[in-house]
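Please read the following briefing alongside the sequence and the three-dimensional model. It takes up the sheet, the overall fold, the ligand shell and a single helical residue in turn.

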Amino acid sequence: MHRNKKIIYTAHCVLNQNSVIRDWERAAGAFNDIVRVLLDNNIAIIQLPCPEFTFLGEDRPPKTKEEYDIPEFRNVCKELAEKVVVQMKEYKNNGYQIIGIVGIHGSPSCDILGDRGVFKEELLALMEKENIILNCFDILDSYIEGETNNLVDSFRTYINTSLLENI
Ligand code: SF4
């Protein structure tokens, strides 16, 4: 057996919907159909930390990006992001292919491609400093596990494209 050195970073809640605001979960556990695409391609999954859970815990109220955009939360996000980028560099320096990074559309912390969340602002800024540019994908806020097949198709296309681009 040998490792194929392909990894992807996902928002924490892609693998653990227990981390989202109470009653906002969209799966019983993980986004299984999304994860299955990764498993089928033998892509190893690195789960990013959940910044909101870290900052306010499990029983936290919904907040806007403006409400989260305060120095205390930015510092938490920056500290979490620094640890992630150190590991990204280590993987890249050792010949690993980082397929991409998966965010959550509409999240005040983890949106990447829309109104970028606070955590992803800090993370992508640090990555840019280290010249780490990755293909990004956001899980739409309309996604419900087991019901939203067209998003799974889009995700599969994103993965196939990213795999080819990085060869
Ligand atoms: S802060 Fe990010 S990882 Fe945590 S529940 Fe919200 S979108 Fe998911």
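**Briefing on the predicted model**

Lys6 stands opposite Gln97 in strand E3, and this pair belongs to the pairing of strand E1 (residues 6-10) with strand E3 (residues 97-104), which run parallel and are joined by four bridges. Two strands count as paired if DSSP finds at least two bridges between them, while helices (H or I, at least four residues) and strands (E, at least two) are DSSP runs numbered from the N terminus. The model is a predicted one, in which local features need pLDDT of at least 70 and side-chain atom pairs count only at pLDDT 80 or more, whereas totals for chains, interfaces and linings use all residues. Residues are numbered from 1 along each chain as its sequence is written.

**Sheet**

- Four strands form an open sheet with parallel pairing, in the order E2-E1-E3-E4.
- Strand E2 (44-47) and strand E4 (136-139) stand at the edges with a single partner strand each, so one side of each is left without a neighbour in the sheet.
- From one strand to the next the twist averages 25°, with axes fitted as lines to C-alpha atoms and angles running from 0 to 180 degrees between N-to-C directions.

**Overall fold**

- The protein has seven helices and four strands, and from the N terminus on its elements run β-α-α-β-α-α-α-β-α-β-α.
- The radius of gyration, taken over C-alpha atoms, is 15 Å, close to the 15 Å that the globule rule gives for 167 residues, so the protein is as compact as a globular protein of that length; the rule is 2.2 Å times the number of residues to the power 0.38.
- Along its principal axes the C-alpha trace spans about 45 × 40 × 30 Å.
- Of the 167 residues, 34% count as buried, that is, with 20 or more other C-beta atoms within 10 Å of their own, against 12 or fewer for exposed and in between for partly exposed, with C-beta atoms placed from the backbone.

**Ligand shell**

- The ligand is surrounded by 13 residues, of which Cys13, Cys50, Glu52, Ser107 and Cys110 are the closest; a residue counts as near if its C-beta atom, placed from the backbone, lies within 6 Å.
- Helix H1 (12-15) and helix H3 (51-56) are the elements that give two or more residues to this shell, and H3 supplies the largest share, three residues.

**Glu67**

- Glu67 lies in helix H4 (residues 65-68) and counts as exposed, with 11 C-beta neighbours inside 10 Å.
- The C-alpha atoms of Glu67 and Pro108 are separated by 8.8 Å, although the two residues are 41 residues apart along the chain.
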